Amino acid sequence: MPQVAVARVSRYLPAVIGRSTLDWLDMALVGGTARNVSARVEGDFSRFPFGNDAGGRFDVDAEVAGGVLRFDRAWPDLTAIDGKFAMRNDHVLVDAATARTAGVALQAVKVRLPDLMTQPAHLLIDGQARGALPQMLAYTRSSPVDGWLGGFLSTIDSQGEAALKLGLDIPLSALRQSKVRGEVSLPGNNLQFRQLPLPPLQAVRGVLNFNERGVSSPGIGFAAFGGQGRLTATQRRDDVMQFAVQGDAAITPVLQQYVPLLSPLVSGRTPYQANFDISNNLDDLQLLLSLRGVAIQAPAPLAKPADAEWPLQLRLRPTLQGWQLAWQQQERAQGTVTLDSHGNLRGVGVGVGAEVPASPQQIGIAIRQPQLDLLPWLGVVRQLAATTGTTGTTERAGLPLQLQLATPLLQLASYRLHDVDGRLDWHGGETPLQLQIDSREAAGQLRYSAAGDGRVQAQLSRLTLPLPEETAAVGDAGAGSLLADVSVPVLEVAVAQLFWERYQLGQLTLLAQPRGEQWQLDKITLQMPEGHLQLNGVAPREGSRQPQTRVDVAFDTEDAGGLLTRFGIADALYGGRGRLDGQLAWPGRLHDFELARLGGQLRLDVRDGRFAQVNPGVARLLGILSLQSLSRRIRLDFTDVFSSGFAFDAITGSAAIRDGVFASDDVRMTGPAALVTLRGEADLPRNQQNVRARITPHISESVSLLAGATLVNPLLGAATLLTQKILQDPINKVFSFEYQISGSLTDPQVSKVGRMSAPRRRPRRPRTTDEDSFQGRRHPDGVHHPPAAKPRHRRPPGGAGGH
């Protein structure tokens, strides 16, 4: 027959080959033309169609053009078949020089149906293809093969040419039991696994074998993460595919894919070994890296030189939402990386000496170390912020950062905090950093915003000063260079409870901002129950060429004695209200205050108080003002004026300060009992003094009243009082004494300089008192009154010089 439609060929076949076979041929032979068809039958027709080639011969031959074979509805059709058709007894063979399927050009295609009479009908198809790898993968995706491999092939994007060998064994009565065998030869292709957290593979070379149970390979070479690797694959009996990979990689692109935020901190290359299993999906991946050749630019204990070997173990497992990568580096650190089903970063947890924090939608780092230097960690955060600001990794990751710190000793530049529990939060970009801290020295919250020149806002519940400080090692410029490189922020500080060492001071507020090389101290206030302190001025910044602090100070108090008690000087002064103000200066920063380098000017005006007995060793300058040294070193006739405390109506004066030496010539103390003026200097740092004290007891009014009462003549008393006032207290001046106080402040040396002598009187007039016999008595009203007149006596030789 010159021509027969292929779709009608099954009608010419004997029914004895089986109804299922004929039905399959009706379904499978879809189109095309059979030309030059010839048939020959020879033998015993009772044994037709001669199964096992016994009893005769049945041959059919034809040339097929444009044939279409649909051997299984689940598979793509074989189209454009050009070749030869042959039937030999119960064997069917199609030998096609060319064909196509799913857009892939095939060569050397053979389709066979052997032994139709004696065995269950099996369709055997073999073919080869060479062409674009994406088209070949598209064929497998449209076939049952992709389902057999759990959709694995559907997740692969590819580039380049490849060669395919394919073989099918299809039982016509049980199509679901079909078997496939294939071989893909890759000459240097690029592969990308969309649904797996694996890197893109370049220059893939090797042979990948596959069947209905999975894939295998004796070896496939590839390039990934800037290095070379080799993959081998085997199949287990439970249809699990096992892969082993060895190679080396540059660490930076690894982090850029999985944890881009951390990529600026790590550099170098490392060898690695990986093993992973795939059934319907990736079941488990284990990766071991030696990290030899990798340097980590991170603070201790994560800093690593490139030549050190730090074995790093990683394990990747699927989750309901995607993937989780768990890793551990010996005993230094451990962590998890959470990825979505497409491999995008969704969370990072890192534990350094601590449990790995939960990391839903954030980058969480927990650090617990015996000692921790915070400044390098803040430098890391600043470096990461600068990197994300230029690369956009923050927007890509969209994850906030949380850093938890727990350490017995936290170093911040040269300062130290103890028993620290803190947390740093940052949402990336221009959002502020927030630090919550609880330690022995400080507790509260700090907020840093990098906008503009930056701003630090601190709300502290307590702060103890001075902070423990450690002098930086010679040549250690790391902290200073980092601080110098950091944008100096505006400072806003509020402290609810400020302590100086063990003394509670009160509430502190501070507002300061940088101006060139200096801090401008706009306002520093300290509020306490006994008074209010206010400072303003300038202080040098780090690296300033004029390292000097200059401040205006003003302190107002309603209870100076209570203030001294707050500083541990109890029962030294009772009452006292007034003001201390002036200007102070010292070299260095604001907190570098040192008495031996203090300079400036102070003014004092205090009213209505009383000095008690003061131990100069506790309050050296107060010991001078209270004149306790006089009551201990000389025996005055008015000793009780000072020995049990000196009540004053006012203390006024000013002092110039240079290198901790207080110098004044106008200190004036007035009280009901006496007027005291002081001039000289007190060297507090060296515990020395040189002071001239002039003491004038208030006895004039008492003398006039005594005289009037004695003579029962009030006019005389009034006249006496009027006279001493007009003559500017001549009686008080008569009994004024001067003393020189020198030596140490804790053990002063006192000597009498002299006094203004009384006018010489006639012998017949009785003497009522002198500086050696006067013994004042304190009246309940606070005024000292002389005792009743004693019998006349002569002055001892030598006057009062012996006292």
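This is a predicted model: local features need pLDDT of at least 70, side-chain atom pairs count only at pLDDT 80 or more; totals for chains, interfaces and linings use all residues.
The ring centres of tyrosine 503 and phenylalanine 567 are 6.0 Å apart and the planes meet at 50°, so the pair is tilted; an angle under 30 degrees would count as stacked and one over 60 as edge-to-face. Tyrosine 503 belongs to strand 30 (residues 503-515), while phenylalanine 567 sits in the loop between helix 8 (560-566) and strand 34 (573-587), so the pair ties together parts 64 residues apart in sequence.

## Other aromatic rings

Five aromatic pairs are found in a search of the whole structure. One of them joins tryptophan 75 and tyrosine 139, a tilted pair with 6.3 Å from centre to centre and 45° between the planes. Tryptophan 75 is in the loop between strand 3 (56-69) and strand 4 (78-88), and tyrosine 139 is in helix 2 (residues 133-141); the pair links distant parts of the chain, 64 residues apart. Both tryptophan 75 and tyrosine 139 are buried.

A charged group also lies over a ring: arginine 332 is placed over the face of tryptophan 310, 3.7 Å from the ring centre.

## Aspartate 72

The loop between strand 3 and strand 4 also holds aspartate 72. Aspartate 72 is buried but has no salt bridge. The nearest side chain of opposite charge is that of arginine 73, at 7.1 Å, whereas a salt bridge requires a distance within 4 Å.

The side chain of aspartate 72 does reach the backbone nitrogen of alanine 74, at 3.0 Å. With neighbours within four places in sequence left aside, Ile170, Leu175 and Ser178 are in contact with aspartate 72.

## Helix 1

Helix 1 spans residues 19-28, and its buried residues are Thr21, Leu22, Trp24, Leu25, Met27 and Ala28. The packing partners of these buried residues are strand 2 (29-43), strand 3, strand 6 (104-113) and strand 7 (122-132).

In an α-helix, residues three or four places apart point the same way, because there are 3.6 residues a turn.

## The protein as a whole

The protein contains 14 helices and 43 strands. Of its 803 residues, 46% are buried. Among contacts between residues at least 6 apart in sequence, 49% join residues at least 24 apart.

Definitions and conventions
Residues are numbered from 1 along each chain as its sequence is written. Side-chain values use heavy atoms; hydrogens and water are left out. Rings of Phe, Tyr and Trp (its six-membered ring) pair if their centres lie within 6.5 Å; planes under 30 degrees apart count as stacked, over 60 as edge-to-face and the rest as tilted. Helices (H or I, at least four residues) and strands (E, at least two) are DSSP runs, numbered from the N terminus. Buried means under 20% relative accessible area, exposed over 50%, partly exposed in between (1.4 Å probe, protein chains only). A charge sits over a ring if NZ of Lys or CZ of Arg is within 6 Å of the ring centre and within 35 degrees of the ring normal. Lys and Arg count as positive and Asp and Glu as negative; His and the chain ends are not counted. A polar contact is a pair of N or O atoms within 3.5 Å; within protein, one must be able to donate a hydrogen and the other to accept it, and residues adjacent in sequence count only if both atoms are side-chain atoms. Contact means heavy atoms within 4.5 Å.
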